[in-house]
Amino acid sequence: MAQTVSRLVSASKTFELGPERIRAVQEVSLSISSGETLGIIGPSGAGKTTLLRLIAALETPSSGDVFFLEHNVKDLKPTERRRFRLEKMGYVFQQLKLLPTLSALENVELPMALSSKTGDEQRSRAMQLLDSVGLGGKEHRRPEKLSLGEQQRVAVARALVNNPELILADEPTSQLDSTTGRKVIDLLLELGDKNSAIVIATHDRELASSLKKTYEMRDGSLA
Ligand SMILES: Nc1ncnc2c1ncn2[C@@H]1O[C@H](COP(=O)(O)OP(=O)(O)OP(=O)(O)O)[C@@H](O)[C@H]1O
Ligand SMILES: [Mg+2]
């Protein structure tokens, strides 16, 4: 049976910049189950990244509640949040956040640091994923020796490596041509079949049209 992986109950996030109050996310209620793929589509500044960061417990809501696997994020200690993120979530950041001193392979291996897999098993899993995103042969390059689109695919491989319960992908195809973008989305969706819950934020309508369920986001609210 499908399990509720993430749940938002009237969650808002307001940033205070001096005298200014920016309502980045406004009273969003949302539930994401295992095996479900959700698209969040909206223009720049709509609040997509902030929403993903709330879901990932990278931000605490200003009001309302965010649950991950029925744990209220507010009640989790920072170490517990980190552990959940490392072991149960995969996040493709809009700014990728690859570690520049590590190779593509080492970047992808990183989230497996606490896994029970042996070093060899970790390596072969990372190699297999890099191969499936079309980076076979480039595993040992550092990010700076890869194109932006290739770096994006490393970030996708890294997010998938632990077969996470929840995958959050923030504009995961923004640097890719449509064919490669399509491949990356297919790879994400394949994982959905394996019971991960997936949230993809994008402003690309064509990409969003291949997702079963999408929400429009505008000025912090979901329509
Ligand atoms: N840390 C922050 N401090 C203050 N304001 C912020 C912060 N992060 C985001 N904002 C503001 O919140 C609003 C939503 O930003 P967000 O990054 O969530 O939008 P987005 O939909 O992801 O945009 P894009 O498509 O450009 O990535 C914007 O007005 C932005 O300026
Ligand atoms: Mg964004």
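**View 1. Strand β8 and its covered residues in the predicted model.** Strand β8, which spans residues 197-202, is mostly covered, since six of its six residues are buried. Here a residue is called buried if 20 or more other C-beta atoms lie within 10 Å of its own, exposed if 12 or fewer do, and partly exposed in between, with C-beta atoms placed from the backbone. Strands (E, at least two residues) and helices (H or I, at least four residues) are DSSP runs that are numbered from the N terminus. In a regular strand the side chains alternate between the two faces of the sheet. Ala 197, Val 199 and Ala 201 point one way from β8, whereas Ile 198, Ile 200 and Thr 202 point the other way, and all of them are buried. The model is predicted, so that local features need pLDDT of at least 70 and side-chain atom pairs count only at pLDDT 80 or more, while totals for chains, interfaces and linings use all residues. Residues are numbered from 1 along each chain as its sequence is written, and chains are lettered from A and ligands numbered from 1 in the order in which they are written.

**View 2. The six-stranded sheet that contains β8.** Six strands form an open sheet in the order β6-β7-β8-β3-β9-β10, with mixed pairing; two strands are taken to pair if DSSP finds at least two bridges between them. At the edges stand β6 (89-92) and β10 (221-222), and each has a single partner strand, so one side of each is left without a neighbour in the sheet. Strand β3, residues 37-41, runs parallel to β8 and is joined to it by five bridges, with Gly 39 standing opposite Ile 200 in β8. Strand β7, residues 166-170, is likewise joined to β8 by five bridges in a parallel arrangement, and the bridge partner of Asp 170 in β8 is Ala 201. β6 and β7 pair in the parallel sense over four bridges, where Gly 90 has Ile 167 in β7 as its bridge partner.

**View 3. Thr 37 in strand β3.** Thr 37 is found in strand β3, and this residue counts as buried because it has 23 C-beta neighbours inside 10 Å. Although Thr 37 and Asp 75 are 38 residues apart in sequence, their C-alpha atoms are 27 Å apart in space.

**View 4. The antiparallel four-stranded sheet.** Four strands form an open sheet in the order β2-β1-β4-β5, and the pairing is antiparallel. β2 and β5 (71-72) stand at the edges with a single partner strand each, so one side of each is left without a neighbour in the sheet. β1 and β2 pair in the antiparallel sense over 10 bridges, and Leu 8 stands opposite Leu 30 in β2. Two residues lie between the strands in the hairpin of β1 and β2, where Gly 18 takes a positive phi near 60 degrees. On the pairing of β1 with strand β4 (residues 63-68), five bridges run in the antiparallel sense, and Ser 6 stands opposite Phe 68 in β4.

**View 5. The shell around ligand 1.** Of the 14 residues around ligand 1, Phe 15, Ala 24, Ser 44, Thr 49 and Thr 50 come nearest, a residue being near a molecule if its C-beta atom, placed from the backbone, lies within 6 Å of it. The elements that give two or more residues to this shell are β1 (4-17), β2 (20-33) and α1 (48-55), and α1 gives the most, with three residues. The shell divides into five nonpolar, eight polar and one charged residue; Ala, Val, Leu, Ile, Met, Phe, Trp, Tyr, Cys and Pro count as nonpolar, Asp, Glu, Lys and Arg as charged, and the others, Gly among them, as polar.

View 6. Helix α5 (residues 148-160) has 13 residues and reaches 19 Å from its first C-alpha to its last, close to the 18 Å expected at 1.5 Å a residue, where the expected span is 1.5 Å times one less than the number of residues. In α5, 11 of the 13 residues are buried. Of the 60 residues in the largest nonpolar core, Val 108, Leu 130, Ala 157, Leu 168 and Val 199 touch the most other members, and the largest share of this core, six residues, comes from α5. Such a core is a set of buried Ala, Val, Leu, Ile, Met, Phe, Trp, Tyr and Cys residues joined through C-beta atoms within 7 Å. Val 161, in the loop between α5 and β7, is buried because 22 other C-beta atoms lie within 10 Å.
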